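Keep the sequence and the 3D view open as you read.

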Protein chains: 2
Amino acid sequence: MLSLLGEQIWGKMSLRAQKRPEEQRPTVFRRRYPRPWNLRSEKMERSGEAKPLEAIWQAYKEAVKAEGSNRAQALYQEMVWPHLLALWKTEPRVRPMQKEFRVSIHTLGTSPEATILAILGAGAEKVYVLHTAESERYLEQIRKDTGKEIYPIRIGKSNVARIYEEVHRLLKEIAQGGGTLKAVSQGEETPVALDITSGTKAMSAGLAAAGFFFQRFYKNLRVVYVDNEEYDTELRRPRAGSEALFLLPNPHEVVGEVDAFFARELYSNRDFSGAADYFKRLVGKTNQLKYALYNTLCEMYANWWALDFKNASKQGEGLLNQLGKDSNLNHPLARHMGRLQKQVDLLREADAFVSSKDLGRSKGVLGVVATLLRLSEEEKRPFLKALYAYRALELLLQERLYRLHGRRADEPNLSPGEREKLQAELSSILSEEARVGKRLGLLDLFAFLRVLGDPLLKGESLEEVQGLSGAVQARNASLLIHGLEVPSEKQVDIILKKAKRLRQELERQVRFQPDLEPIDLEF
Amino acid sequence: MLSLLGEQIWGKMSLRAQKRPEEQRPTVFRRRYPRPWNLRSEKMERSGEAKPLEAIWQAYKEAVKAEGSNRAQALYQEMVWPHLLALWKTEPRVRPMQKEFRVSIHTLGTSPEATILAILGAGAEKVYVLHTAESERYLEQIRKDTGKEIYPIRIGKSNVARIYEEVHRLLKEIAQGGGTLKAVSQGEETPVALDITSGTKAMSAGLAAAGFFFQRFYKNLRVVYVDNEEYDTELRRPRAGSEALFLLPNPHEVVGEVDAFFARELYSNRDFSGAADYFKRLVGKTNQLKYALYNTLCEMYANWWALDFKNASKQGEGLLNQLGKDSNLNHPLARHMGRLQKQVDLLREADAFVSSKDLGRSKGVLGVVATLLRLSEEEKRPFLKALYAYRALELLLQERLYRLHGRRADEPNLSPGEREKLQAELSSILSEEARVGKRLGLLDLFAFLRVLGDPLLKGESLEEVQGLSGAVQARNASLLIHGLEVPSEKQVDIILKKAKRLRQELERQVRFQPDLEPIDLEF
């Protein structure tokens, strides 16, 4: 809709512009553009039509018919352009809605009119024009017609790299709050329009590419272009007055399903709960139930890696159930039924072990241990790395003591002879008088298994065992437990190495190798 | 360089094509394009020139001069195009280097020749053409000239949304391994070219936008276009033979400094060590030492949030030192000297406390506690959330006992009367007979402060205190400590709430509020 204001001004202009002295005309018309207001269209405009340019267009068409099509361009410049320009100065058409830009950057080819409309449509206070040697001569017309300061930047017509660099440079300047423009860091980003209407394909493509690339970092950036909404088939050219500045939507806004890509990106970075959120939204957005199964898969993994085996195995069972249904036979996840089944089995075993605390559930212990070891490997912060590794090793020793000797760390029922031997072993490891408590801690367990002649641990040198002892003490003195230390990488490695050896032995025992890799996402 | 093969074929074609029967000509010429091999240029070609099209172009120029410029287009079609086409079928020119595409997608406007060259340049086995109602009529010529199957997709000339959707649909199909194309999940992505040469600006912009957007998820996607490298000023048109298919580089490859944006992205996601890596690379890439200071800042934060206060404060001191130099007076970080100074002070205090274990360093305790509480708030996994919160509360109670009563948790020196009262207090909290050990754990500390009449803790109801007791026990039974449980959110909240109250009291005491927010990055 052209607003009332637009119509009023338009009416004034066409009826009285010729007669009024310069200073009495509304500000917006005190410009230096040519003003041969074409009187042929006056009658139609006086009738108060909603689209004043229609009359002008009709008059123009008649003139082209009368004077011949080789005069079309000249007639357009004379009869149509001034009106179009005046209209855009007060009422630029912007689709899908008006947006206030503070900066606009334009490529310029050999049709300056489109760029002029784009500059008026964007309405920015700072205007940069990327021009070529050829198109430099239009800069003056653009300054005159828009009444704005223009900052020209000369580039080669095929030099997309240069365009990237210029856009990058300008965005940096803007982000640093150059001039009156707000800085990114102050919370609100300066709105910037990149207009690709004019220029060679390479120039437009370069600017569009820069725009969509930098949008990742600079959210208030829009790629825009001027297009016509109507085509005059008789004249075989776009209809004047049907121009609009279009803000190119972000593909993400248009293609809701793109969220699936974002979900996959998070998934591959092991942010399963982030991915689950995306899939959940996708079900609502697309009404496609297939995404619900991905959501369940992600929640299963999210719970798994948060050590919540109960909910992880529940999710897993639900997923298998769904995949077993006829309606889901073609679901991409159905191709991975075998692997999924094994993973859910492992989660179920881990949950059964954790819930029952029954160390006889060796496969469950293996599931928990493998999870802790993977967490330790992935973690970068040494205090957490140590914690995971320590707990994995402790569980492995507990399982081993129970499996091979039927003893439990929290109730070891030591015979007097065993207690004596264990105390001697510990004292030699720690090089000081040692005392055995009610429960066996990690180092006690290790020493006790050696006392019991464990084939795997017996053979280690005292030096090796002392290394372990130091590492264990470092964990207990950790800033995160009761002390104020941060374990060293070397200490963590000692624990990890030991744990991995025991884990391998357990895998051989259980005849099972846990598969901890997330299922591939394909859709 | 046109290879030998290209020259040989070119030579054969121009010399003998007219005389040879269809079946004897090399395979590459058994196509259905018009073959009026223009004999005017034969002489020049026979001389074995490196650029055979040069001769043809000269002949074409002469013909235009002789027959008039209104015949230019027809003469081009007759004299130049068939040769150009034949050349591109064997030796397409691709810049910066040849790349094998498996799929290509093209916008099509009213100049099919450019699209034909793009199809031959991309050399894909699957070719999709996004055409309008107007440009549909060129499909046949494209099929004929390229000799390829074309999959037409009709769109509106201004409908960028539709282009996004089509590209998305096609990429999904490709990723699912439709036909002979490799699936993303099989590790290697099918190379796809998006050619924006032909079509309206809206179509090209839409395709470019889709390309650069989806490149984030689909790495083997390239936006390409055909451009001319030379212009014939006499004829005022691009010189035939100087065409090339350009692979539009990713702005990231061109503008190395863009890494600063990636660094900032990681920084705002609190991945400080990832950001540090980017800044380190930037110093090498740009030779700008200013990035070294950002690198140090990131390393300081990375160490801080990994609880390594020693290295964090060292980095901080180094940074302040650098920023104090004249040469860095204008560094953007220099504007934040005040805040930085305070953060480094806090880190120094925290390090001094952790190194000396001196609970009298209240500000250092506050620094460590504030860090642990922030870690707990940010952590999503309950078992870690609990661990941070628990350790923060324990430290606060230790500091309090020391500050108000000069006692230490690891050596409480309880009088017989105190021991008795503490045991009674603990027994009433736990509703069972309690024993006080050599050191005071978290709950012991809490109970002992109550026994000592602590004004802040004394007033709490037994019910409240019992809630805390449950939460503390849950932490000790955590899967990550010695048990097999995962603490609940509610239990963590109880600990956090208690810790925050004590922290506020400590802040009042020390008259200091830690500033844990990372400094804004501006560059």
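B:H106 stands opposite B:D195 in β5(B). Around that spot, strand β2 (residues 103-108) and strand β5 (residues 192-195) of chain B pair in the parallel sense over four bridges. Strands here are DSSP runs of E with at least two residues, helices are runs of H or I with at least four, and both are numbered from the N terminus; two strands count as paired if DSSP finds at least two bridges between them.

Before going further, a word on the model: it is predicted, so local features need pLDDT of at least 70 and side-chain atom pairs count only at pLDDT 80 or more, while totals for chains, interfaces and linings use all residues. Residues are numbered from 1 along each chain as its sequence is written, chains are lettered from A and ligands numbered from 1 in the order in which they are written, and side-chain values use heavy atoms, leaving out hydrogens and water.

Now step back to the sheet in chain B. Its seven strands run in the order β1-β9-β6-β5-β2-β3-β4, forming an open sheet with mixed pairing. At the edges stand β1 (94-95) and β4 (151-154) of chain B, each with a single partner strand, so one side of each is left without a neighbour in the sheet.

How do the two chains relate to each other? Chain A can be laid on chain B with an RMSD of 0.1 Å by a turn of 180° and a shift of 0.0 Å along the axis, with the copies superposed by least squares on the C-alpha atoms of residues with pLDDT of at least 70 in both. The two copies are thus related as by a two-fold rotation axis.

Next, look at where they meet. The contact (heavy atoms within 4.5 Å) takes 77 residues from chain A and 76 residues from chain B. Of the interface residues of chain A, 99% are also interface residues in chain B, so the copies meet through the same surface.

In one salt bridge, the side chains of A:K357 and B:E485 meet at 3.0 Å, N to O. On the chain A side of this contact, helix α8 (residues 201-214) gives the most, with ten residues.

How values were computed:
Salt bridge = Lys/Arg side-chain N within 4 Å of Asp/Glu carboxyl O.
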